[in-house]
Amino acid sequence: MFEYAFMQNAFIVAILISIVCPLIGIFLVLRRYSMIGDALSHASLAGVAVGLLLDWNPVLGAFGLTSFFGILIEVLRSRFRRYAELILVIILSLSVGLAITIISAGLVHTNVESFLFGSILTVSTDDVYAVIALSVVSMALIAKLYPQLVMLTFDEDGAQIAGVHSKVVNYIFSVLVAATISVSIRIVGILVISSLIALPVAAALQLRKGFRQTLMYSIFFSFVDILSGLFLSYYIDAAPGGVTALTAVAVLVLVIIYKEGILSWREKRRQS
Amino acid sequence: MIDLQHVYFSYEHGEYLLEDINMTIRNGDYISVVGENGSGKSTLIKLILGLLVPSRGVISNTYRHRAYVPQRFETLNSQFPITVWEVLNCYRQVLRLKDKSLIRTCLEQMGVYDLKDQLIGSLSGGQCQKVLIARALMGHPDLLIFDEPSTGIDVRSQEELYPFIKDLNENRGITVLTVEHNLKFAVRNSTKLFHVVGGHGHFCSPKAYLDEYMSVTMGGKD
């Protein structure tokens, strides 16, 4: 199957997604911000629509507008702390409303399905370059901000007292979430990005390891989820987004069974 | 030195939680902030730490290295996947301290080096508190602030912990400020108590506070 150029493109993008999604996902899940990932993934459809309208690459269009919405959520959340959930609903309505209006009015001509469900066939070489650029910058920024992000996630007050500029880090993080979503749109699709951000991390958390090890396991599970999704979707001719989401749930269930069943059984046997 | 002059605080233009607080923390002090639940003790500490901004008044600070030991059960998520070593290493990196051996030194000082590979959530209350103090000591603080250090830890660990805090204050010259609900330790260790009641605060000697407390308690029984 790798004799096809589209499959090679899809494979490169899939590998990058499998690294970037859990890198961002672990902080989103542990900060209980998973819903922000979900809201922003829907908001990215507006970015795709605006990008196509302005004749930009849709991945970069999604990145621009999703970053804007991510920063807007952060600004509104810090001003109206008691209405955090409501803010997500407002942003979701605004962005999805914008996307549906642009697309349904026929202002852009595209196959919306491929953005919603993901597609192997539509990953262009331009998309690959955009994904590589966004992924490399995201990974470098996460590496640079790693201790600050871990401390903010673990003990926000302690981090601020130690000199972490939480507002600045949170704004940068919002842009990183936007970048992650934008690179994932092509393969996994807007509707299942949030599952790819959260589920590999959820599976890794079951193993009760330290932070770095949990992150490594998250990347491993994400890699398994996306590549299985890619290969299976190729053979059964289905959208990769759906197959990837199903694989992610299956891996999570298997890890829970392993942990609750086999590990608990071994522990009991050791004690008796 | 930290100096609070006529400090008022309220959340989002509501009623004042703290009113006209005047407080000076001098080098070498061991001050316990005492008062009923909801009296504004923790708010006062957050103002001093710079986590909250006063609605009115001025707070000046000359301490360069402040460190904070949070209340374990209130602040930290016990399910968080992080080892003791990682907690200290991240703190070291945030403070831009190059010397990695500081982690070992501080953990050994608190007698918890053996726990370095354990998850923070798997530790007992006393062990966790010691790890958090070890973390705080890494930055060579001149002011150490605790939020109810005895909460969630057993009596034996409390008896171990307070002499250590006292030692840091007396022999290493670290100024200590603590929110304290345990009257015994507040009176036994502090050089001064700051009593917060009904949003107002005043300094008193440990003995004077104890006399006042006893008279109120005994009066209540009558």
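**View 1. Ile2(B) and its bridge partner in S4(B).** Here Ile2(B) is bridged to Asn61(B), a residue of S4(B). S4(B) covers residues 56-61, and S1(B) runs antiparallel to it over five bridges. Strands here are DSSP runs of E with at least two residues, helices are runs of H or I with at least four, and both are numbered from the N terminus; two strands pair if DSSP finds at least two bridges between them. This is a predicted model, with local features needing pLDDT of at least 70 and side-chain atom pairs counting only at pLDDT 80 or more, while totals for chains, interfaces and linings use all residues. Residues are numbered from 1 along each chain as its sequence is written, chains are lettered from A in the order in which they are written, and side-chain values use heavy atoms, leaving out hydrogens and water.

**View 2. The other neighbour of S1(B).** S2(B), residues 18-25, also pairs with S1(B) in the antiparallel sense, again over five bridges. Look for Leu4(B) standing opposite Met23(B). Six of the eight residues of S1(B) are buried, so the strand is largely enclosed by the rest of the structure (buried means under 20% relative accessible area, 1.4 Å probe, protein chains only).

**View 3. Where chain A meets chain B.** Contact (heavy atoms within 4.5 Å) links 23 residues of chain A with 26 of chain B.

**View 4. A salt bridge across the interface.** Arg135(B) reaches Asp155(A), with the closest N and O atoms 2.7 Å apart. The count between the two chains is one salt bridge (a side-chain nitrogen of Lys or Arg within 4 Å of a carboxyl oxygen of Asp or Glu).

Note on methods
Buried < 20%, exposed > 50% of the residue type's maximum accessible area, 1.4 Å probe, protein only.
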